[in-house]
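Reader: I'm new to this one and would like to go through it slowly with you. Could you show me the structure before we start?

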Amino acid sequence: MRQAVGRIGRELERLAAARERAVQRVERATGVLRQARAEAEQAAQKRDEAERAYVRKQAEWEDARRVVKKAEWAAEAARRQVEELAVEAARSRRGGR
């Protein structure tokens, strides 16, 4: 009987130690999981910031492109005006001769 009680006691101690090790593993895994979640959240925030910066830069590029187009149209209009004035000046010189 004593031997059985001794074996049961040792088995209970072994099980208690195994339980404690399992609890520690779960606590470590929980800590790792929390850290991974925090890192994932930081990465998501950085991604969101990068997306917003990309959208901002894209809008700036579109604005700059519109300004360039307007400048090109204005330059073309000015070129046409200069040509028309040159033609008028040539006509008036011929007519004045």
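Reader: Which residue forms a salt bridge with E62, and how far apart are the closest N and O atoms?
Author: E62 pairs with R65, and their closest N and O atoms are 3.0 Å apart. A salt bridge here is a side-chain nitrogen of Lys or Arg within 4 Å of a carboxyl oxygen of Asp or Glu. Please keep in mind that this is a predicted model, in which local features need pLDDT of at least 70 and side-chain atom pairs count only at pLDDT 80 or more, while totals for chains, interfaces and linings use all residues. Residues are numbered from 1 along each chain as its sequence is written, and side-chain values use heavy atoms, with hydrogens and water left out.

Reader: Where do E62 and R65 lie?
Author: Both lie in helix α1, three residues apart, which is about one turn of the helix. Helices (H or I, at least four residues) are DSSP runs, numbered from the N terminus.

Reader: How many salt bridges does the structure hold?
Author: The structure holds ten salt bridges, and one of them joins the side chains of K57 and E60 at 3.5 Å, N to O. K57 and E60 are both in helix α1, which covers residues 2–96, and they too sit three residues apart. K57 counts as exposed because its relative accessibility is 56%, whereas E60, at 44%, is partly exposed.

Reader: What about R79 and E76, how far apart are they, N to O?
Author: The side chains of R79 and E76 meet in a salt bridge at 2.3 Å, N to O, and both residues belong to helix α1, about one turn of the helix apart. Salt bridges that share partners join E76, R79, R80 and E83 into one network.

Reader: Changing topic, which residues make the nonpolar surface patch?
Author: I8, L12 and L15 make a nonpolar surface patch of about 290 Å². Patches are made of residues with over 30% relative accessible area and no salt bridge, where like charges are joined within 9 Å and nonpolar side chains (Val, Leu, Ile, Met, Phe, Trp, Tyr) within 5 Å. Accessible areas come from the Shrake-Rupley method with a 1.4 Å probe, and for residues only the protein chains shown count as cover.

Methods:
Helix = DSSP H or I, 4+ residues; strand = E, 2+ residues; numbered from the N terminus. Buried < 20%, exposed > 50% of the residue type's maximum accessible area, 1.4 Å probe, protein only.
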